[in-house]
Amino acid sequence: MKTKTKKHILLVISGLVMATTPGHAQINGPLPIIWQATYGPEKSLEGVGWAVPFDFVQTSDGGFLIAGATAGPANGIRTDPVCNDGDAWVIKVDAQGQRQWDRSHGGNAFEEIDAMLLTPDGGYLLVGLSLSPPGCLKTAPIPGMWVVRGDANGNALWDRSYLPAGFTDCFGYDCVQTADGAYLACGREAAYVIVKFDDAGQQLWIMTLGTLLPRVYFQLPLGIMETDEGGFVVVGSSNSPPSDQKSSPYYGGLEQLHLYRGSDFWVVRVDAQRNKLWDRSYGGEQAEQAYGIVPAPDGGFLVFGSSQSPRVTDPSKGTKTSLCYGGQDFWIVRLDAQGNQLWDKSYGGTADDLCSHAEPMPDGGWLLSGQSSSLPYPPGGKSSPNFGGPDFWIVRIDDQGNRLWDQSFGGDLYEGRGPVSEVAPIPYPVRIKRTADGGFLLAGQSDSPVSGLKTAPLISQADFWVLKLDPEPPFLRAEVTAEGQFQLCLIAPPEFSHTIQGSADLVAWMDLVTLGPTPAGKEYWTDQEKLTHRFYRAVRVP
């Protein structure tokens, strides 16, 4: 584990949107590592042993539950019982990353967990896939979307499978708790599958969305959220042309050998009575893949994922207006409540960059996380280094999609990337989430030894790699109001106060005003003596 403290200072040269963070070399970035740890099983006699995290939640004691899949014998980090090489795995760690307990869930074939929720009683809900018949630690039949309910100590309370009539299998990918205390989960066979079940796992209803032609068209739903009126929005990818189940167009990029790769973002909104309100496609002539959806402050949505399409100049050929930097880029699309595209943005470098999570921030912006194989791409593209192979990559944006900063974490080999197959048609996710202390937890898979920024040892072939990061430093933005007034916008964690200082020469600094704490994560201040203070910086109050 590694501990580091920093005094956060941000500088703005008045009249320019220009900032630096003294004391932070780019190799460390704006979010210093407080601690990092790896968790994995022993290797078998055949040399097999791996673990991949898919999701995590923070618990009431300040620790974390991390869920995914693992294969390999017990070793003190992973404990018995071990059902087979490929179990669902949950590990509980404290606020400093020390392992407290672990639990396996599954049968004698293969399981993985793609989404995790903290339940009101302090336990957890897991959603994923299972290829096992009942046996070992599994009671639910196959096939079907697989859900496990565990208590606060990791003991399984129940597990269930859900499958629409006429389907042969179904893999689960995301889940949310609804306002009435039930749960909505999404998964796929050939089409989007949506199931609602109660706290005991009893199915309330199940439905499908999309064109039902397996191995011809492919719809892959990876994100779902409940809407204010009790309906839901589900997002994923589709390579289907318009049909009686889909009204929006298909823009292109089909790959015959990998149908799920050649697709557009496809978003569907459904009301509380399960009537489809609208569906929309977003993309270009090459492949796009949506990974999830999060709410926007105005009642709209942010959809995030990856794109390899160039900018579209003919609206009939697609909706993408942002650049393609190289290979696949992080791509986000901002929608209003009716699904109209307000804007889209790309972030990337010289190779493939895949966005798998968007964390809403207090100021109305987002912190994007995923994996990047790219070198820096100035100007305008990725600015952080590549440590070797794909790295974890995070990109901080404001509420208009403007990039504030980006940062990489990695070792000599691979971080975040997993094998892509028809069974697992998405790369392993890299997720960053805000924690109760205003900092962040970042988690993904790593097969790098100690190297680059990785100081935690490699335990198996590939492990959970988890990093606890400092709170975000303050960001000052120079703006001009509609009335022509110069003002400063302070974007900063709402848990802290910050002093804005002014200087005429970058040598002598004067305290001007202290702002915060503020729940909005953003405050404006107008300097009536702008000509006296040509330079500004924000300093976190100890």
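Predicted model: local features only at pLDDT ≥ 70, side-chain atom pairs only at ≥ 80, totals over all residues.
Local features need pLDDT of at least 70 and side-chain atom pairs count only at pLDDT 80 or more, while totals for chains, interfaces and linings use all residues. Residues are numbered from 1 along each chain as its sequence is written, and side-chain values use heavy atoms, with hydrogens and water left out.

Me: Is Asp 87 buried or exposed?
Reply: Asp 87 is found in strand 6, residues 87–93, where a strand is a DSSP run of E with at least two residues, numbered from the N terminus. Buried means under 20% relative accessible area and exposed over 50%, with partly exposed in between, for a 1.4 Å probe and protein chains only. Because its relative accessibility is 0%, Asp 87 counts as buried.

Me: Which side chain makes a polar contact with the side chain of Asp 87?
Reply: A polar contact is a pair of N or O atoms within 3.5 Å; within protein, one must be able to donate a hydrogen and the other to accept it, and residues adjacent in sequence count only if both atoms are side-chain atoms. The Asp 87 side chain also reaches the backbone nitrogen of Asn 84 at 3.3 Å. The side-chain partner, at 2.5 Å, is Arg 78.

Me: How many bridges join strand 5 to strand 6?
Reply: Two strands pair if DSSP finds at least two bridges between them. Strand 5 covers residues 64–71, and eight of its eight residues are buried. Phe 64 stands opposite Val 93 in strand 6. The two strands run antiparallel, and the number of bridges joining them is seven.

Terms used: Helix = DSSP H or I, 4+ residues; strand = E, 2+ residues; numbered from the N terminus.
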